[in-house]
Amino acid sequence: MTERKPPGVPFESWVEKEIRDAQGRGDFDRLPGAGKPLPDDTTYDELWWVKRKMAREGLSVLPPSLALRKEAEDALAAAYAAPSEHTVRKIIADINTKILDMMLKPPPGPPLGLKRYDVEEVVREWHERRGLRGTRTAGGQGRG
């Protein structure tokens, strides 16, 4: 591509010539979305590029309370899938610490709407899901 427009050539003609030359070289043949219709967005969003980049990279931005709700759900699922009672207790203790911290220092955004998990209840459910009823040992450590 010519770096500068030659003097005396109208700008529009020069740009169109550069585009034709690039098409002739095949510079546009393998672009993403080639041959596909443009998205049908009739409303303009000035942050469209930010949203598209976040979607492409699998990112999302949630208020802290909603992010913690999701983290709490994931922690509970991880606890139920944990290989040992000790791991269950650690996962629940860690998420309970985060929940308590947010309860004491509420962030901006929607209310948290969570309470701390009852560790013994989660451990009991973990045992039931594994068919290990009544296998707890002294000190809260069980088979697993």
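The points that follow concern a predicted model.

1. Overall make-up. The protein has 5 helices and 0 strands, and its elements read α-α-α-α-α from the N terminus on. Of the 144 residues, 19% are buried. Where contacts join residues at least 6 apart in sequence, 56% of them are between residues at least 24 apart.

2. Helices α3 and α4. Helix α3 covers residues 64-80 and helix α4 covers residues 85-104. Their axes lie 9 Å apart, at an angle of about 165°. An angle over 145 degrees counts as roughly antiparallel, and α3 and α4 are therefore roughly antiparallel to each other. The crossing of α3 past α4 is left-handed. On the α3 side the contact is made by P64, S65, L68, E71, A72, A75, L76, A78 and A79; on the α4 side it is made by V88, I91, I92, I95, K98, I99 and M102. Sorted by class, the contact of α3 with α4 comprises 13 nonpolar, 1 polar and 2 charged residues.

3. Helices α3 and α5. The axes of this pair come within 9 Å of each other and cross at roughly 50°. The two helices α3 and α5 are therefore oblique to each other. From α3, L76, A79 and Y80 take part in the contact; from α5, the residues are V122, E125, W126, R129 and R130. The contact of α3 with α5 has 5 nonpolar and 3 charged residues, and no polar ones.

4. Helices α4 and α5. Here the axes come within 10 Å and the crossing angle is roughly 145°. The crossing of α4 and α5 is right-handed. Helix α4 contributes E85, V88, R89, I92 and N96 to the contact, and helix α5 contributes V119, E120, V122, V123, W126 and H127. The classes in the contact of α4 with α5 are 6 nonpolar, 2 polar and 3 charged residues.

5. Nonpolar cores. Which residues make up the largest nonpolar core? There are 10 of them: L76, A79, Y80, A82, V88, I92, V122, V123, W126 and L132. At least two residues of this core come from each of α3, α4 and α5 (119-130). Another core, of 7 residues, lies apart from it and includes L68, I95, I99 and M102.

6. V122. This residue belongs to the largest nonpolar core. It is also listed in the contact of α3 with α5 and in that of α4 with α5. Leaving out residues up to four places away in sequence, V122 touches L76, A79, Y80, V88, I92 and Y117.

7. S65. The cut-off for buried is under 20% relative accessible area. Residues up to four places away in sequence aside, S65 touches M102, P107, P110, P111 and L112. One of these, M102, is on the α4 side of the contact between α3 and α4, and S65 itself is on the α3 side.

8. N96. This residue is in helix α4 and is buried, at a relative accessible area of 9%. N96 is among the α4 residues in contact with α5. With residues up to four places away in sequence not counted, N96 touches R116, Y117 and V119. Of these, V119 is one of the α5 residues in the contact of α4 with α5.

9. L62. The position of L62 is in the loop between α2 (48-56) and α3. L62 has 44% relative accessibility and counts as partly exposed.

Conventions: Residues numbered from 1 in each chain as written. Predicted model: local features only at pLDDT ≥ 70, side-chain atom pairs only at ≥ 80, totals over all residues. Heavy atoms only, no water. Axes fitted to C-alpha atoms, helices over the stretch in contact; angles between N-to-C directions. Helix = DSSP H or I, 4+ residues; strand = E, 2+ residues; numbered from the N terminus. Parallel < 35°, antiparallel > 145°, perpendicular 65-115°, else oblique. Left-handed = near helix turned anticlockwise from the far one by under 90°. Contact = heavy atoms within 4.5 Å. Nonpolar A, V, L, I, M, F, W, Y, C, P; charged D, E, K, R; others polar. Core = buried A, V, L, I, M, F, W, Y, C linked by side-chain atoms within 4.5 Å. Buried < 20%, exposed > 50% of the residue type's maximum accessible area, 1.4 Å probe, protein only.
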